[in-house]
Amino acid sequence: MSFVKSREAILLAAIVLLLGLIATRFPAFITPHNLASVYSDTTPLMILALGQMVVILTRCIDLSVAANLALTGMVCAMINVAAPDLPVGLTILIALTMGAALGAINGLLVWKLAIPPIVVTLGTMTIFRGVIFLLSDGQWINAHEMSANFTGFPRQVILGVTVMGWIGLAVALLMALLMARTALGRSFFAVGGNPHAAVYTGLNVGRAQFLAFVISGALAGLAGYLWIARYAVAYVDIAGGFELEVVAACVIGGISIAGGVGSVLGTVLGAMFLGIVKNALPVVDISPFWQLAISGAAILIAVTFNARSGRSKGRVILKSAEHAQ
Amino acid sequence: MSLAETTSAPEARARGPVPDRLRAPWEAKLKSWESLLLVVAIGIFILNSFASPYFLNAWNLSDATFNFTEKAMIAFAMALLIIAGEIDLSVASIIALASTAMGLVMEAGFGTPAIVATGLATGLICGAFNGVLVTRLGLPSIVVTIGTMSLFRGISYIVLGDGAFRGYPSDFAFFGQGYAFWVISVELVIFAVLAVIYGVVLHKTNFGRAVYAIGNNATGALFSGIRVARVKMILFLLTGLMSGVAAVCLTSRLGSTRPSIASGMELEVVTMVVLGGVNILGGSGSIPGVVIAAFVMGLVTFGLGLLNVPGIVMSIFIGLLLIGVIALPRLWAKLRGKA
């Protein structure tokens with residue numbers, strides 16, 4: 001019974017309703033083939049949102065994910081230009097490692113120097129973008145410069161879904177396993193839910209936050225390779241402003257920005273919701289320029305909704321004191 | 001954040017020796033962040049004049065002030081907001097929306113007074129929107145302003161798409177391109193007047209004391225009779241209004257409006273405030289510090305510009321500055337604590 005009332009069920013119902021509305025104007029949108037392509041298209045957002053989820057759970061925020069994606073993607077593309085015969089597996093390994101290293105920079109600054117995450121990641125966001133410019137000299141790397149197996153791999157279709165989509169599914173399952181079945185996953189909830197209590201139970205709050213940034217970075221790196229290979233182009237401004245969409249997906253998915261509350265399923269559904277909206281806009285004749293405002297409005301509506309439903313049921317002694325904090 | 005404050009307070013008290021008297025006022029002033037910053041500013045000034053022969057020229061220096069005047073106008077209000085423990089990341093998007101609104105009014109055939117009034121009013125409305133969400137609904141300002149950051153700029157994109165507004169009336173150029181006298185630009189005068197106003201408000205009025213009190217302990221401030229929500233609301237309104245003022249200046253200076261106008265400026269404004277010695281966790285900071293920080297950032301970007309460093313590379317520098325300014329004192333304190 002509890003699932004029916006849960007956040008995930010409401011979100012699922014909203015997605016079905018949305019698909020129904022789109023289908024009344026454009027029935028072809030809900031054919032399995034098109035839905036599969038919408039899913040594949042949303043995979044990078046979903047992967048980034050799953051990383052961001054872990055960070056937000058620990059009461060932090062990572063605004064550098066899109067810049068990390070772009071930087072790692074650019075490096076992957078440059079490596080591919082230099083060594084076209086490198087196996088794709090190795091490229092993915094490089095992307096994961098490099099993304100994790102960039103995430104570790106954020107994590108170390110937050111853990112060791114206790115700098116607020118918003119400041120750290122605003123700073124690294126611009127630094128990463130600047131570094132892409134320095135590396136690439138402002139040049140684009142285009143499709144014809146990349147090798148066929150580099151760009152082809154994420155687009156191969158297995159059982160009607162692209163490899164990119166399957167990778168997204170694998171990441172979601174792994175994250176679900178990590179969050180529900182490992183001590184590390186549980187510690188993220190504990191640290192965000194009540195840092196004081198977490199310290200007394202022997203958890204290292206800073207270390208958990210550091211690891212959250214590493215996970216978020218590694219997933220951003222993975223998404224970086226997938227993005228560059230999927231669109232077959234790499235340049236400085238790739239995925240510019242995408243971090244806002246990622247935060248939007250998390251907030252819509254019911255991740256509480258106050259930390260400690262959220263689920264993998266919710267995050268996946270949040271990302272899917274935004275992905276469907278994005279793909280439906282051109283179909284129902286709305287200019288794609290609406291996308292940015294829609295993510296913004298979605299963040300605000302979802303965060304208001306989260307605050308309402310998440311408010312503790314305890315007796316409020318001094319009503320006006322609530323707003324002071 | 002509250003965790004760090006509550007757990008570190010008793011430790012900090014126990015760690016150092018308790019002084020039996022306060023440092024002499026002149027000594028405290030000499031060792032303050034502001035004096036350090038002033039030395040840095042003078043150092044950069046001297047370095048710049050050696051680095052480029054074009055630097056020491058009244059008109060060039062006057063041009064250099066445009067690098068920081070608009071950002072500093074917002075930074076004054078942002079400083080108060082951050083001291084009170086909140087933040088507004090939507091300021092650059094408010095500029096985009098205000099500029100778009102001004103463009104619409106201009107297209108409708110209204111003159112300069114109406115255009116300026118529209119810019120200021122749009123800023124105020126945006127500030128009020130942020131303020132209501134934060135103070136009435138009790139939402140965290142970081143998320144609210146991340147949301148409005150994409151909402152406000154998103155509305156500009158809906159209106160303009162990939163187009164632009166051009167053809168502002170010629171007397172509108174006064175704000176961004178006019179000069180009060182000789183090399184002193186109108187923007188520089190606005191900047192100076194606002195600096196004085198904000199300095200007086202923060203350091204000499206009850207309102208200013210309330211801002212500090214809220215930043216140090218919002219619940220405590222509430223119980224001492226400060227109307228916390230109201231003060232915060234006023235601060236969001238001020239930040240919105242200042243973004244409106246900056247939008248008027250910037251639009252007038254560029255002479256056109258695109259939806260990508262002032263993108264990324266929120267980062268530079270926050271960097272300026274933090275560089276000025278305002279504690280990002282709230283509770284302390286000063287307007288003179290922000291003023292000097294504005295000059296430091298203006299001189300640095302202008303100096304790098306004279307050396308033909310591209311804008312995106314300068315942004316690396318701004319990012320490093322933001323993190324470095326907070327990280328270095330903490331690193332220093334850590335190393336000294338271990339020794």
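User: What's the handedness of the crossing of α5(A) and α11(A)?
Analyst: In this predicted model, helix α5 of chain A and helix α11 of chain A cross in a right-handed way. By class, their contact has 18 nonpolar, 11 polar and one charged residues.

User: At roughly what angle do the axes of those two cross?
Analyst: The axes cross at roughly 145° and come within 6 Å, with α5 covering residues 88-112 of chain A and α11 covering residues 205-231 of chain A.

User: Switching to the interface, how many residues does the contact take from chain A and from chain B?
Analyst: Chain A contributes 44 residues to the contact and chain B contributes 46 residues. On the side of chain A that touches chain B, the elements giving two or more residues are α6 (117-136), α10 (195-200), α12 (242-252), α14 (290-310) and α15 (321-324) of chain A.

User: Which of them gives the most?
Analyst: That is α6(A), with 13 residues. As for classes, the side of chain A that touches chain B has 31 nonpolar, 11 polar and two charged residues.

User: And the fold as a whole, what is the secondary structure of chain A?
Analyst: Chain A has 15 helices and two strands, and its C-alpha trace spans about 65 × 55 × 35 Å along the principal axes.

User: How does its radius of gyration sit against a compact globule?
Analyst: A compact globule with 325 residues would have a radius of gyration near 20 Å, and chain A has 20 Å, so the two agree. Buried residues make up 51% of the 325 residues in chain A.

Conventions. Residues are numbered from 1 along each chain as its sequence is written. Chains are lettered from A and ligands numbered from 1 in the order in which they are written. This is a predicted model: local features need pLDDT of at least 70, side-chain atom pairs count only at pLDDT 80 or more; totals for chains, interfaces and linings use all residues. Axes are lines fitted to C-alpha atoms, for helices over the stretch in contact, and angles run from 0 to 180 degrees between N-to-C directions. Helices (H or I, at least four residues) and strands (E, at least two) are DSSP runs, numbered from the N terminus. A crossing is left-handed if the near helix is turned anticlockwise from the far one by less than a right angle, and right-handed if clockwise. Ala, Val, Leu, Ile, Met, Phe, Trp, Tyr, Cys and Pro count as nonpolar, Asp, Glu, Lys and Arg as charged, and the others, Gly among them, as polar. Two residues are in contact if their C-beta atoms, placed from the backbone, lie within 7 Å. The radius of gyration is taken over C-alpha atoms; the globule rule is 2.2 Å times the number of residues to the power 0.38. A residue is buried if 20 or more other C-beta atoms lie within 10 Å of its own, exposed if 12 or fewer, and partly exposed in between; C-beta atoms are placed from the backbone.
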